[in-house]
Amino acid sequence: MSREVTLEIDGRKVKAREGMTILEAAREAGIEIPTLCYHEKLKPYGACRLCTVEIVREGRSRLVASCAYPVEEGLIVKTETELVRKVRKLILELLLPLAPTGPIKSLAKKYGAKEGRFKAELTSCILCGLCVRFCAEDTGAHAICFVGRGAERQVAFVPEVAPNICPTCRECYELCPGGKIVEAESESMLSIPISEKISKK
Amino acid sequence: MTWRIRGKKMLEKIRSEILSRREPSKPCIAICVSTGCTSLGSLELVERLKEELEKRGLTDKVDLKLTGCLGFCELGPRLTIYPGEIPYFKVKPEDAEDIVSQTIIKGQIIERLLYVDPSTGERIRRLEDIPFYRYQYRLLLENNAKIDPKNIEDYIALGGYQALAKALFEMKPEEIVEEIKRSGLRGRGGGGFPTGVKWETTRNAPGEPKYVLVNCDEGDPGAFMDRALMEGNPHLVLEGLIIGAYAIGASQGYVYVREEYPLAVKNITLAIQQAQEHGLLGEDIMGSGFSFHVKVHRGAGAFVSGESTALMSAIEGRVGEPRLKYIHTAVKGLWDKPSCLNNVETWANVPYIILRGADWFRSIGTPDSPGTKIFSLVGKVKNTGLVEVPMGITLRDIIFKIGGGIREGKKFKAVQTGGPSGGFIPEQYLDTPVDFDSLTKLGSMMGSGGMIVMDEDTCIVDVTRYYVDFLFQESCGKCVPCREGLKQARKILNHICEGKGTMEDLETLQDLSELLRNASLCALGTTAANPIMTSIEYFRNEYEAHILEKRCPAKVCKALVAYYNNPEKCQACGICLRNCPVQAISGEKDIVHVINQDRCIRCGVCFAVCPFNAVEKYSPATPPPAKYGVKVVRRKKEK
């Protein structure tokens, strides 16, 4: 049994167990922190940065990703400060043009993110990696992966694996916040070699 | 002869033997064959010198030492002749004959190969009298001139591995950590984290085995400090690493070197092999019972792999991508084991601190940033190259005393420290002492030691765009602020350079910078805000000129510049006309040539080739209306 620690989230004393993250502790206490790349079955990834919260430690405050930051005794966490809201608003404004879908739009509304502030190619994918990581960490199939770096980064099916597994598995479908996966299968992208997909760009 | 060193006394004995075999009076030509000088032809020079020596039967009577970087790269190939320590600059292969016949045989100095002081025209005989060297404190780079990096005997002759012997036989690991802590040494890779504290954290962290790592990913454009150490004095870095391993309790080490540094890879690999052969690395080091092994890992070329977690991912065989590190790599790093990663230059300081003591180290530099720092001084300064200075020296001294000021009498505009993710520092802060905290306060950073000087002809908006573009290209693409934020920032900067920016764009740039700084996953993203924020803070007027007046003050941004042929200066020589790649220039004999603005692609070729300086740049891009058929006014050709 791991040690119990007490921290403060939004002014409330919250009990948690050592080794938990801020996000886990908050959710257990019924405090909602928005996320897009987090999944309870998967290792923290820290890519969407939407779960950013402000912490105060040794008198100094800073922003951290709550999905990964471990709880500590006496840690002070603020989940909805002005700075935090500003970060989330801008992140959503950056994501909106990529995938203006349900979960992203409703979060955008909550944080007052303006649609159309930025323009980018509509890819239906925010590169949260839920599909890639779920397929690797939970399903163990490794049928889908990231290719390319930086701006070239995209999700691709592994052609040797995907056609045999994906049509019957489809576990990642409902995880996808951007709707890319469904779109990809309907375009029958499963068997296109990765190299071709890159050169097509 | 292969000897294995056991014990401190034996190291001393070996050293005495090496020294006794050497005659101090035997002439030695030490030539830099590091990357810079090699590209200027030093290898050919070596061949010619060999031929000359052979021709005169002097092959056995003169030593040829192939060394690492000597610093003043711009004036390479560089060589030094001993005894007498005669420094020659810009030596060409055809100088080989004179060097042997005059300097080696007759002891005469070849005046034309000496350094010429550009302000006095005087030829300088002693290295320490050359301004570029006079104001330096060459602690780590000093021995580069005296060492053939492929020969461990050179290093031992200069007292190499004595610090290791002292550490192994006279100090407890805790005492070494304490000494490094007391020295105040801070990480030279850029962060400036106290090295001793890092060591202590790894030492005390639970988990075995522990790892020590060298970061030689040095990816900043225009930076080559670590390269010079790795190429020129690899045993120094290795000795520091072995001492660190002993202090921390690590049994395995990794040297991460970027593949783009083939000579560094070669020299450190050889150094490791030699150290193993001589009992200085591997099992039971020097008979102390301490065992430690080192492997070289070659990086595949990603800038982001210089980030600690990405570097460790890469060594583990995965994509070099940063991961969350709220638990420090010192506790949970390579393969989730306690790992101590330090930069090349940090490790190189260790043997000196162990041998000479923390108090001596603290006597150099400033109380909060002790020691020296190597910078690669590049850009629009007269003297470019590697400089090593005590911390606390001012930017002005580096740029104007060591660097000799700005080229062609132009005006200084800004200095950019810390690589692409550093900030721009304007003239009013030139008297800032160079240390970790002062540079950070100005919105820039020490970084690993890149220092790029810019003059009045540099457009700050354009350079910011260049850096943001570089960082965007090098972003791993994992987190949203860095991938999407830099994408948008780059787009906005492109717009501004094209004269399509708005004042609202400036605010958006600042918002994006804040997001990068506050919410990025790794330091590539958090520091990417520096060039944007400092350029807006210190050079807002340049942004405003681009946005409001459609004017590029430095006349760099193509879309905002027009080329105009001044009819009072044009001599109708036809050179611009012939060189224009798009036939945008019309004219004939005795008739002033006219640039057709609709056709002109603003490549600047006419501006560059005109022998009369008749082609002028206009920004905003509204030159006087062109007049066709104007007769030239004859004048004498300007030089």
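**Overall form of the two chains**

Guide: For 639 residues, a compact globule would have a radius of gyration near 26 Å, and chain B, with 28 Å, agrees with that. Please keep in mind that this is a predicted model.

Visitor: What does the C-alpha trace of chain B span along its principal axes?

Guide: Chain B contains 24 helices and 19 strands. Along the principal axes, its C-alpha trace spans about 90 × 65 × 40 Å.

Visitor: Which pattern does chain A follow along the sequence?

Guide: The C-alpha atoms of chain A fill a box of roughly 55 × 45 × 25 Å along the principal axes. Chain A is built from seven helices and seven strands. Read along the sequence, these elements of chain A give the pattern β-β-α-β-β-β-α-α-α-β-β-α-α-α.

Visitor: How many residues of domain 1 of chain A are in contact with domain 2 of chain A?

Guide: The domain assignment of chain A gives domain 1 (4–80) and domain 2 (130–200). On the side of domain 1 of chain A that touches domain 2, there are four nonpolar, one polar and two charged residues. Domain 2 of chain A contributes seven residues to this contact, and the number from domain 1 of chain A is seven.

Visitor: How far apart are the centres of domain 2 and domain 4 of chain B?

Guide: The assignment divides chain B into domain 1 (25–82 + 86–125), domain 2 (152–362), domain 3 (372–455), domain 4 (460–548) and domain 5 (561–618). Domain 2 and domain 4 of chain B each give eight residues to their contact. On the side of domain 2 of chain B, these are six nonpolar, no polar and two charged residues. Taken over C-alpha atoms, the centres of domain 2 and domain 4 of chain B are separated by 34 Å.

Visitor: Which helix supplies the largest share of the side of chain B that touches chain A?

Guide: Between the chains, 24 residues of chain B are in contact with 24 residues of chain A. On the side of chain B, H18, H19 and helix H20 (503–519) each supply at least two residues. By class, that side of chain B has twelve nonpolar, six polar and six charged residues. The largest share, seven residues, comes from H19(B).

Visitor: Are H18(B) and H19(B) roughly parallel or roughly antiparallel?

Guide: The axes of H18 (residues 460–474) and H19 (residues 480–497) of chain B come within 9 Å and cross at roughly 155°. Angles over 145 degrees count as roughly antiparallel. Therefore H18(B) and H19(B) are roughly antiparallel.

Visitor: Which class has nine residues in the contact of H18(B) with H19(B)?

Guide: The crossing of these two helices, H18(B) and H19(B), is left-handed. Among the residues that meet there are B:Val461, B:Val468 and B:Phe472 in H18(B), and B:Leu486, B:Leu493 and B:Ile496 in H19(B). The contact of H18(B) with H19(B) also includes two polar and five charged residues, and the class with nine is nonpolar.

Visitor: How are H11(B) and H12(B) arranged relative to each other?

Guide: The axes of helix H11 (residues 234–248) and helix H12 (residues 262–277) of chain B come within 9 Å and cross at roughly 60°. That angle makes the arrangement of H11(B) and H12(B) oblique.

Visitor: What is the handedness of the crossing of H11(B) and H12(B)?

Guide: Here B:Pro234, B:His235 and B:Leu238 in H11(B) meet residues of H12(B), including B:Ile268 and B:Ala271. The crossing of H11(B) and H12(B) is right-handed.

Notes:
Residues are numbered from 1 along each chain as its sequence is written. Chains are lettered from A and ligands numbered from 1 in the order in which they are written. This is a predicted model: local features need pLDDT of at least 70, side-chain atom pairs count only at pLDDT 80 or more; totals for chains, interfaces and linings use all residues. Axes are lines fitted to C-alpha atoms, for helices over the stretch in contact, and angles run from 0 to 180 degrees between N-to-C directions. Helices (H or I, at least four residues) and strands (E, at least two) are DSSP runs, numbered from the N terminus. Angles under 35 degrees count as roughly parallel, over 145 as roughly antiparallel, 65 to 115 as roughly perpendicular and the rest as oblique. A crossing is left-handed if the near helix is turned anticlockwise from the far one by less than a right angle, and right-handed if clockwise. Two residues are in contact if their C-beta atoms, placed from the backbone, lie within 7 Å. Ala, Val, Leu, Ile, Met, Phe, Trp, Tyr, Cys and Pro count as nonpolar, Asp, Glu, Lys and Arg as charged, and the others, Gly among them, as polar. Domain bounds come from an automatic or database domain assignment. The radius of gyration is taken over C-alpha atoms; the globule rule is 2.2 Å times the number of residues to the power 0.38.
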